Amino acid sequence: MKRSVMLDEIHALHPNEAKGLLLQMLEQAQRYEELPEKKHALQKQILEIWNGHLARKQAENEGEAGHVHIVMGLSDAGALKYALSSLGRRKESEILAFNDCFSEGPIRELETEKGRKFRLEWMSERFREYGHAQLTGIRHGSDTILETMRGLPADKDITIWTGNHAHEQIGMRLALSVLRDAPNNVYIGQVSQLYEGIAARFDPVPHSYAFGFLSIEAIEEIVRIHEKQKQPLSEQARQAYIREWEELSASDAKLHIWSDGKIVPAAEESYDEALAALVGQMQRGSSDDKEEFVPASRVIMEALESWGGAVMIEFIEYRLWTLISDGRLRFKGVPAAMQSYKVALAESSC
């Protein structure tokens, strides 16, 4: 089998399937090792690779990371790692990062395997790259991250970093629900609030304030301020967040937005009228009278800016294609990346 074909097959595996296959391979390798009359050089190599992996993980974890940081995105994790390294805090810090966007799609019973499976199927049907990202980024999939949280030693302090937008606020409540019985000290790092106090000293950034958008210097300052001011989350506050998660987990909403300091469920089609109106507005404002279609990428970026980051790029494009499918918009070009096609109202008023 060609390597490219093998990679495709591996990428298509669900995390639980991959773990099962790995377990079968290791068990088979061990059986061959127990039978000296058989030649088992390959099996020995497999076990050596696995044992080497375990040894490296043990060396990394033994007595070093006393503080766990939980962030809601891979870019946030990368930025925080760099900042912690600059502060001389990297070795004592373990970082867990989700690779998802909880403001989009179903979050019902997401703390359970059933809920995560339903979300994976729903999202994969609507977002081209979602399934691939979840199944190839096994270390950062929700299954793995939540399982790791449940197994954290009691002596580790935990900081959950969150900004003022639905995705990270939902993720924070989900994490607290999973940690409900954990005796660990839990701290909440309010990125948006901490950044507002120092924003004048740094370059302007998008309003949603996530580590991935901030300069390393700004993140370093946020971490320093947080360390000076932090107080463990009280049991009362912890339980309040958990109750809020339980309400979210019981809902069938497929979209959530952050409004007036609260997570608000919304209908999938909430932004459809505004999106269609934006396409019409951009058509009328086009400088090229001969071209009635406008680039989808421009529409999506304009919507993202106009709506204050309330929804993510992928969701806007999903609704754009829903409007096309419903016959309210036309398109021209290649229906792949948003830079490769243009859209227009079904009956242009230009």
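**Helix faces, a helix crossing and selected residues**

Glu220 is located in helix 10. The model described here is predicted. The relative accessible area of Glu220 is 14%, so this residue is buried, the cut-off being under 20%. Neighbours within four places in sequence aside, Glu220 contacts Ala83, Ser86 and Leu87. Leu87 is 133 residues away from Glu220 in sequence. In space, the C-alpha atoms of Glu220 and Leu87 are 7.0 Å apart.

Ala83, one of the contacts of Glu220, is also one of the buried residues of helix 4. Helix 4 comprises residues 74-86. At 1.5 Å a residue, its 13 residues should span 18 Å. The end C-alpha atoms are 19 Å apart, which agrees. The buried residues of this helix are Asp76, Ala77, Ala79, Leu80, Ala83 and Leu84. They lie on the same side of helix 4, because they cover an arc of only 170 degrees around the axis. An α-helix has 3.6 residues a turn, so residues three or four places apart point the same way. Ser75 and Tyr82 are exposed on the other side of helix 4. What lies over the buried residues of helix 4? The cover includes strand 1 (67-71), strand 2 (93-97) and strand 3 (157-162). It also includes helix 8 (166-178) and helix 10 (216-229). Gly88 follows helix 4 and has a positive phi, near 75 degrees.

Helix 11 can be described in the same terms. It runs over residues 235-249 and has 15 residues. From its first C-alpha to its last it reaches 21 Å, close to the 21 Å expected at 1.5 Å a residue. Its buried residues are Arg238, Tyr241, Ile242, Trp245, Leu248 and Ser249. These cover an arc of only 115 degrees around the axis, which places them on the same side of helix 11. Gln236 and Glu247 are exposed, on the face turned away from the buried side. The buried residues of helix 11 are covered by elements including helix 8, strand 4 (186-190), strand 5 (255-259) and strand 6 (262-266).

Strand 6 holds Ile263. With a relative accessible area of 15%, Ile263 is buried. Ile170 is 93 residues from Ile263 in sequence, but the two C-alpha atoms are 7.6 Å apart in space.

Ile170 is also a contact of Ser103. Ser103 sits in the loop between strand 2 and helix 5 (113-126). Beyond its neighbours within four places in sequence, Ser103 is in contact with Ala166, His167, Ile170, Lys254, Leu255, His256 and Met312.

Helices 12 and 14 form a crossing pair. Two packed helices are described by the angle between their axes and the distance between the axes. The axes of helix 12 (residues 272-284) and helix 14 (residues 313-325) come within 10 Å. They cross at roughly 80 degrees. Helix 12 is therefore roughly perpendicular to helix 14. Helix 12 contributes Asp272, Leu275, Ala276 and Val279 to the contact. Helix 14 contributes Ile316, Arg319, Leu320 and Leu323. The residues of this contact divide into 6 nonpolar, no polar and 2 charged.

Backbone angles pick out two loop residues. Most residues other than glycine have a negative phi. Glu109 is not a glycine, yet its phi is positive, about 50 degrees. Glu109 lies in the loop between strand 2 and helix 5. Its relative accessibility is 28%, so Glu109 counts as partly exposed. Asp260 also has a positive phi, near 50 degrees, and is a residue other than glycine. Where is Asp260 found? Its place is the loop between strand 5 and strand 6. At 77% relative accessibility, Asp260 counts as exposed.

Methods: Residues are numbered from 1 along each chain as its sequence is written. This is a predicted model: local features need pLDDT of at least 70, side-chain atom pairs count only at pLDDT 80 or more; totals for chains, interfaces and linings use all residues. Side-chain values use heavy atoms; hydrogens and water are left out. Helices (H or I, at least four residues) and strands (E, at least two) are DSSP runs, numbered from the N terminus. The expected span of a helix is 1.5 Å times one less than its number of residues. Buried means under 20% relative accessible area, exposed over 50%, partly exposed in between (1.4 Å probe, protein chains only). The arc is that of the directions from the helix axis to the C-beta atoms. Contact means heavy atoms within 4.5 Å. Axes are lines fitted to C-alpha atoms, for helices over the stretch in contact, and angles run from 0 to 180 degrees between N-to-C directions. Angles under 35 degrees count as roughly parallel, over 145 as roughly antiparallel, 65 to 115 as roughly perpendicular and the rest as oblique. Ala, Val, Leu, Ile, Met, Phe, Trp, Tyr, Cys and Pro count as nonpolar, Asp, Glu, Lys and Arg as charged, and the others, Gly among them, as polar.
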